[in-house]
Amino acid sequence: MLIPLKDENPRQSFPAVNTLLILTNIAVFIYQLTLSTRGFRTFVLMNATVPARFSTFLAGHMSVENTFLPLLTSMFLHSGFLHIAGNMLFLWIFGDNIEDYFGHLPYLLFYLICGIGSGLLHVAFNWGSTIPAIGASGAISGVMGAYLILFPRERILTLVFIFLVPIPAVFILVYWFAIQFMEALTSVGSASIAAGGGVAVWAHVGGFMLGMLITMMTRRT
């Protein structure tokens, strides 16, 4: 069991966008908690990415807004405390240095592109599924992919069972990606369900690879 807690990579500026993303996710989650069970499910269904909507759209029976806008809104929904806590922890650890690298507004654009791109990959591998997919994981995976390219040797303070161990980022991130990729291979055409929403591992894989690709294409020499 490896739980990253903190990196030892100092940032050069205050991560305004990263902090705003974290606060926005928390605010939306708090709003979700105020809803009734029925209201929660309705809210998730309206704003989650549902692959079946894309085939319905192509058949001319679904609007552009209802089909594509959830690729954005689903990035700010979470199914429970562990879901949002894990996502925000990873975003806090890795996001500040990536914001340093890209700059504030370009980082926001990078984050959103990774989230939307990962959502599209989830749709492609789950074509026709009616299970709503939610969570910031795809976008955060892109941040992690960027971190692997830029800071592979930086140490991540990691909880290994009961011990705190500084581990190079390359080992943490490659290990995490390998798990996601293997799970994705064994779950083609399906998504896990948690409290009425789904979190797709193909979104993790797609976000991570997209984050790596964008970073390599924009990397300064």
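Q: Hi! Which order do the strands of the open sheet come in?
A: Hello! This is a predicted model, and in it 3 strands form an open sheet in the order S1-S2-S3, with antiparallel pairing.

Q: Which ones are the edge strands?
A: Strand S1 (2-7) and S3 are the edge strands, as each of them pairs on one side only.

Q: And how much are neighbouring strands turned against each other?
A: On average by 35 degrees, with direction ignored.

Q: How many bridges join S2 to S3?
A: There are 6 bridges between S2 and strand S3 (residues 163-168), and the two run antiparallel.

Q: What do S2 and S3 form?
A: They make a hairpin with 2 residues between them. Phe161 sits in that turn and has a positive phi of about 60 degrees.

Q: Which residues stand opposite Val160 and Leu157?
A: Val160 faces Phe163 in S3, while Leu157 has Pro166 in S3 opposite.

Q: Where does H6 lie?
A: Helix H6 lies across S1 and S2, and it runs at about 40 degrees to S1.

Q: Let's go inside. How many residues are in the largest nonpolar core?
A: That core has 50 residues. Those with the most contacts inside it are Leu91, Phe94, Ile98, Tyr107, Phe110 and Tyr111.

Q: Which elements give two or more residues to this core?
A: They are H1, H2, helix H6 (81-102), helix H7 (104-125), helix H8 (137-150), strand S2 (155-160), helix H9 (169-185) and helix H10 (201-218).

Q: Where does the largest share come from?
A: From H6, which gives 9 residues to this core.

Q: You listed Tyr111 just now. What does Tyr111 touch?
A: Leaving aside residues up to four places away in sequence, Tyr111 touches Leu21, Asn25, Met75, Leu91, Ala136, Ala139, Ile140 and Val143.

Q: New topic: which residues of H2 are buried?
A: Phe40, Phe43, Val44 and Asn47 are buried in H2. Because these residues cover an arc of only 95 degrees around the axis, they are on the same side of H2.

Q: What's on the other side of H2, then?
A: Arg38, Arg41 and Met46 are there, and they are exposed.

Q: And what covers the buried residues of H2?
A: The cover includes H1 and helix H5 (70-73).

Q: How many aromatic pairs are there?
A: The count comes to 15 aromatic pairs. One of them is Tyr31 with Phe43, an edge-to-face pair at 5.2 Å centre to centre with 70 degrees between the planes.

Q: Where do Tyr31 and Phe43 lie?
A: Tyr31 is in helix H1 (residues 16-33) and Phe43 in helix H2 (residues 37-47), so the pair links distant parts of the chain, 12 residues apart. Tyr31 itself is partly exposed, with a relative accessible area of 43%.

Q: What about Phe54 and Phe68?
A: Phe54 and Phe68 also form an edge-to-face aromatic pair, at 5.2 Å centre to centre and with 80 degrees between the planes. Since Phe54 lies in helix H3 (residues 52-58) and Phe68 in helix H4 (residues 64-68), the pair ties together parts that are 14 residues apart in sequence.

Q: Is Phe54 buried or exposed?
A: Phe54 is buried, because its relative accessible area is 6% and the limit for buried is under 20%. Phe68, at 35% relative accessibility, counts as partly exposed.

Q: Last one: which residues do ring pairs link into a cluster?
A: Phe125, Trp176, Phe177, Phe181, Trp202 and Phe208 are linked that way.

Terms used:
Residues are numbered from 1 along each chain as its sequence is written. This is a predicted model: local features need pLDDT of at least 70, side-chain atom pairs count only at pLDDT 80 or more; totals for chains, interfaces and linings use all residues. Side-chain values use heavy atoms; hydrogens and water are left out. Rings of Phe, Tyr and Trp (its six-membered ring) pair if their centres lie within 6.5 Å; planes under 30 degrees apart count as stacked, over 60 as edge-to-face and the rest as tilted. Helices (H or I, at least four residues) and strands (E, at least two) are DSSP runs, numbered from the N terminus. Buried means under 20% relative accessible area, exposed over 50%, partly exposed in between (1.4 Å probe, protein chains only). A nonpolar core is a set of buried Ala, Val, Leu, Ile, Met, Phe, Trp, Tyr and Cys residues joined through side-chain atoms within 4.5 Å. Contact means heavy atoms within 4.5 Å. The arc is that of the directions from the helix axis to the C-beta atoms. Two strands pair if DSSP finds at least two bridges between them. Axes are lines fitted to C-alpha atoms, for helices over the stretch in contact, and angles run from 0 to 180 degrees between N-to-C directions.
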